[in-house]
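This briefing concerns an interface between two chains and the surroundings of one residue. Please look over the sequence and the structure before reading on.

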Amino acid sequence: MPEPLLKVESLHAGYGEVRVLWGVDIDIEAGEIACIVGSNGAGKTTLLRALSGLVAVSSGKLLFDGVELAGLPADQILARGIAHVPEGRRLFRGMSVRDNLLLGAYLRSDKVEIHRDLDYVFSIFPILKERQHQDATTLSGGEQQMCAVARGIMSRPRLLMIDELSLGLAPRMVERLGEALIEVNKIGLAILIVEQDVMTAFELARRGFVIETGVVRMRGNTQMLAKDPMIRQAYLGL
Amino acid sequence: MLYVQMLVNGIMLGALYACLAIGFSLVWGVLNVINMLHGSLLVLGGYLTYTAWHDYGVHPLIALFAVAFALFLLGYAIQRILINRVVDMPVLVTMTLTFALDLILYNFMIVYFTATPVRVTLNLGVIDAGGIFVPVDRLAGMVLALLLTGLLYVVLRRSRIGRAIVAVRMDRSAAMLMGIRVEHIYAITFGIGALMAGATGAVFAMVYPMTTDLDFTFLGKAFIVCIIGGLGSVQGALVGGLVLGLVESIAGQFLGPQYALTAGFALMLVLLVAMPTGLTGVKGFE
């Protein structure tokens with residue numbers, strides 16, 4: 001079995017005195033779509049924030065492509081290829097769609113390639129090209145999520161982490177975003193989706209991790225997880 | 001004719017006020033730091049330009065750019081080494097720190113430059129446009145101030161570093177996710193604030209006599225302009241600066257020059273009560 005792209009081992013992290021993650025183990029393989037599901041307050045967002053360097057890791061390992069990332073600042077983690085699309089999109093107000101996308105490529109200096117990637121995300125999300133000069137926060141919720149995902153892609157990451165892809169969006173919009181992610185995944189970008197909507201996550205991802213109170217309770221193939229009685233009862237309402 | 005003259009005087013003064021306030025407004029808007037040092041940086045810029053011109057024969061325009069660059073470095077270092085350590089604390093802490101720095105700089109300047117008024121005298125003459133008198137050095141000062149303001153606007157809107165500054169202002173943690181090093185951008189922003197102060201000080205020294213104890217006068221103007229125009233945007237500072245310039249010019253004409261300052265502060269008080277976000281509101285650097 002090849003070494004996974006991202007390997008997280010007994011990761012502990014939290015905010016000040018409050019510990020949120022109690023030894024999380026996950027691994028993401030290169031080029032796959034994986035998901036993390038769990039209820040509100042389980043630690044999903046904190047895990048992503050720890051992976052992207054926004055929350056300090058108190059102990060544990062965080063190996064990306066064999067390199068230890070724990071303790072590195074956010075810009076160095078992004079530079080190594082982990083991009084984080086935050087919950088609630090967090091687009092920059094007062095700036096155009098285009099400027100938001102260019103900020104995604106802030107750490108890059110290869111101008112020609114940046115413009116090629118801009119064309120690439122416009123080809124996946126044509127609506128963004130149409131609205132590229134509009135204030136990004138005036139877009140609809142779904143379009144904002146497209147912009148946020150595209151902004152993440154603009155850093156040319158090897159792993160794209162998306163927090164709450166479907167939150168507050170119409171089912172048709174979620175479907176369209178999902179199709180776009182599958183297309184992006186085909187060019188080799190690994191994607192980690194964090195979702196409260198377990199059904200959506202399981203449809204998109206091949207493998208899943210179920211987080212409860214700061215630890216991974218279950219893991220495996222999403223088709224298998226979807227058949228698990230505990231998950232069916234707790235998360236799918238079946 | 002008197003009204004046109006007042007208008008012309010007000011606009012020429014207003015452009016300088018806009019340029020004076022913009023760095024202060026930027027630092028306040030992006031860092032949430034009330035930079036008590038701003039006025040002294042203006043004075044420093046003015047005196048350095050004067051010294052370069054008077055003692056070393058440097059052309060004032062060249063001196064302006066050199067001084068602006070030097071103050072950028074000074075501002076960057078102050079933020080990076082000192083203010084960044086306390087930037088997340090309540091605003092009173094950073095205000096106290098910059099106030100202390102202001103005292104140090106002020107006293108240094110009193111010793112080094114003395115309190116003698118100085119001026120870069122260009123002797124450019126006066127244009128007489130059908131009874132409207134326009135001193136050429138003031139006109140040049142206005143043009144320079146507008147150019148500097150325009151330049152800053154373009155940098156903020158069009159450059160990579162400008163986008164990063166606006167991003168940090170809008171959403172700090174999202175900016176970090178873009179790979180933006182916030183402490184670096186803070187220092188750059190403070191540096192730009194100091195740069196604008198230094199450049200405006202240089203322009204002031206070409207137009208009005210400069211003395212070391214003008215520091216709090218300048219700081220007061222920056223406050224008023226920010227409150228009139230709204231915080232943290234280039235066009236807010238422009239609007240605020242021009243309004244203040246006109247108000248002072250008109251009040252100076254009708255009530256006497258000694259009331260010009262009072263009129264400016266009175267307007268600030270009225271606006272604080274009636275329109276706390278200023279005439280342009282807070283909408284970022286558009």
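The points below take up the interface and then a single residue.

This is a predicted model, in which local features need pLDDT of at least 70 and side-chain atom pairs count only at pLDDT 80 or more, while totals for chains, interfaces and linings use all residues. Residues are numbered from 1 along each chain as its sequence is written, chains are lettered from A in the order in which they are written, and side-chain values use heavy atoms, with hydrogens and water left out.

**Extent of the interface**
- Chain A brings 20 residues into contact with 22 residues of chain B, contact meaning heavy atoms within 4.5 Å.
- About 2000 Å² is buried between chain A and chain B, 61% of it on carbon and sulfur atoms; buried area is the accessible area (1.4 Å probe) that two parts lose on being put together, summed over both.
- On the side of chain A, Phe92(A), Arg93(A) and Tyr106(A) lose the most area to chain B, together accounting for 32% of what that side buries.

**Salt bridges**
- Three salt bridges are found across the interface of chain A and chain B, each being a side-chain nitrogen of Lys or Arg within 4 Å of a carboxyl oxygen of Asp or Glu.
- Arg163(B) and Asp99(A) join their side chains in a salt bridge, at 3.8 Å from N to O.

**Lys61(A)**
- Lys61(A) is partly exposed, with a relative accessible area of 41%, where partly exposed lies between buried (under 20%) and exposed (over 50%), using a 1.4 Å probe and protein chains only.
- Leaving aside neighbours within four places in sequence, Lys61(A) is in contact with Lys7(A), Val8(A), Glu9(A), Leu11(A) and Glu68(A).
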